[in-house]
Amino acid sequence: MSALLEVKGLKSGYGRIPILFGVDLAVADGEYLGILGHNGMGKTTALRTLMGHLPTTDGSVVFAGKTITHLKPHERSRLGIGLVPQGREIFPDLSVMENLRMGLAAAPKEDRGVIDTVLQDFPRLVRLLDRRGGALSGGEQQLLALARCLCTKPKLILLDEPTEGIQPSIIEEIIETLLALKTRWKMSLIVVEQNLEFITSLSDRILHIQKGRITEELDRETLLAREGQMIPS
Ligand SMILES: Nc1ncnc2c1ncn2[C@@H]1O[C@H](COP(=O)(O)OP(=O)(O)OP(=O)(O)O)[C@@H](O)[C@H]1O
């Protein structure tokens with residue numbers, strides 16, 4: 001498998017406060033990469049920097065053979081990177097269908113039929129198309145945020161703590177949906193999480209982030225044996 005995303009020495013932060021201290025990682029075509037870390041270790045900052053919402057202060061990001069280190073978020077989106085943010089950012093007063101249409105805002109006209117294609121992988125949302133986004137459960141909102149992101153037909157999805165505040169039963173459904181998408185959409189994924197079971201169920205490889213640095217690649221089998229326990233500290 002060839003590298004779809006290659007990140008070298010990535011640094012960023014908020015104003016003059018440095019948060020990432022030189023992150024190196026690569027994601028292969030079709031690979032699901034998990035990044036595990038405790039609160040405040042820089043997971044969200046890493047995804048926001050990769051999406052271009054935070055400026056890179058040093059290092060390089062190459063996506064599909066193109067250097068994108070200083071591109072704006074909409075330029076990265078056009079190249080095939082999509083972010084499903086922490087907290088999901090659903091429009092609460094718009095219906096499920098209207099939320100999905102918002103995902104199409106920047107799509108070329110010929111792509112407008114993509115919602116029907118996306119919905120094939122989200123049977124639960126089909127039953128909720130007229131419901132207000134704000135009236136969905138946390139898990140349903142997470143599925144909607146994922147489906148909305150897919151409407152841009154991304155090659156790589158950046159998924160920020162999808163299990164936060166979600167019932168276990170729907171976490172299982174999110175895992176199944178993401179595994180089905182891997183086969184059918186042939187997309188790649190970076191998922192950042194604190195939930196060991198979720199990340200081990202999905203990821204081909206798992207990296208450990210501590211204080212803004214990738215400190216090690218975690219062995220999946222060892223992690224599976226530790227399921228239900230704490231993230232290594
Ligand atoms: N807007 C901001 N301004 C200043 N510092 C921030 C800002 N957002 C986050 N930080 C700080 O950056 C560090 C990394 O935060 P980040 O949100 O990336 O961590 P995280 O690993 O995603 O944690 P969590 O699981 O709590 O979301 C933390 O110390 C946090 O306080």
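Predicted model: local features only at pLDDT ≥ 70, side-chain atom pairs only at ≥ 80, totals over all residues.

Trainee: What makes α1 largely enclosed by the rest of the structure?
Mentor: The count does. A residue is buried if 20 or more other C-beta atoms lie within 10 Å of its own. Seven of the nine residues of α1 are buried, so the helix is largely enclosed. The buried ones are K43, T45, A46, L47, R48, T49 and L50. Across the protein chain, 40% of the 233 residues count as buried.

Trainee: What does α1 pack on in the four-strand sheet?
Mentor: First, the sheet itself. Its order is β2-β1-β4-β5, it is open, and the pairing is antiparallel. β2 and β5 are the edge strands, each pairing on one side only. α1 packs on this sheet and touches β1, β2 and β4. The helix direction makes about 70° with that of β2.

Trainee: How do you know that β1 and β4 pair?
Mentor: Two strands pair if DSSP finds at least two bridges between them. β1 (residues 3–14) and β4 (residues 58–63) are joined by five bridges and run antiparallel. In β4, F63 is the bridge partner of L5, and V61 is that of V7. The pairing criterion is at least two bridges, so β1 and β4 count as paired.

Trainee: And what makes β4 and β5 a pair?
Mentor: They have two bridges, in the antiparallel sense. The cut-off is at least two, so they qualify. V62 stands opposite T67 in β5.

Trainee: How many residues lie between β4 and β5 in their hairpin?
Mentor: Two residues lie between them. In that turn, A64 has a positive phi of about 50°.

Trainee: Why are β6 and β10 said to stand at the edges?
Mentor: Take the order of the six-strand sheet: β6-β7-β8-β3-β9-β10, open, with mixed pairing. β6 (81–84) and β10 (213–218) each have a single partner strand, so one side of each is left without a neighbour in the sheet. Neighbouring strands of this sheet are turned by 20° against each other on average, direction ignored.

Trainee: Which strands in that sheet run parallel?
Mentor: β3 (residues 32–36) and β9 (residues 205–210) do, joined by four bridges. G34 stands opposite I206 in β9.

Trainee: Which strands does α1 lie across there?
Mentor: α1 (residues 43–51) lies across β3, β6, β7, β8 and β9. It runs at about 150° to β7.

Trainee: What supplies the largest share of the shell around the ligand?
Mentor: α1 does, with three residues. In total, 13 residues surround the ligand, and the closest are Y14, N39, K43, T44 and T45. β2 (17–28) also supplies at least two residues of the shell. By class, the shell has four nonpolar, seven polar and two charged residues.

Trainee: Why does the radius of gyration of the protein chain agree with a compact globule?
Mentor: Set the two values side by side. With 233 residues, a compact globule would come near 17 Å, and the protein chain has 17 Å, so they agree. The C-alpha atoms fill a box of roughly 45 × 40 × 35 Å along the principal axes.

Trainee: How many helices and strands does the chain have?
Mentor: Nine helices and 10 strands.

Terms used. Residues numbered from 1 in each chain as written. Axes fitted to C-alpha atoms, helices over the stretch in contact; angles between N-to-C directions. Contact = placed C-beta atoms within 7 Å. Near = placed C-beta within 6 Å. Nonpolar A, V, L, I, M, F, W, Y, C, P; charged D, E, K, R; others polar. Buried ≥ 20, exposed ≤ 12 C-beta atoms within 10 Å, placed from the backbone. Rg over C-alpha atoms; globule rule 2.2 N^0.38 Å.
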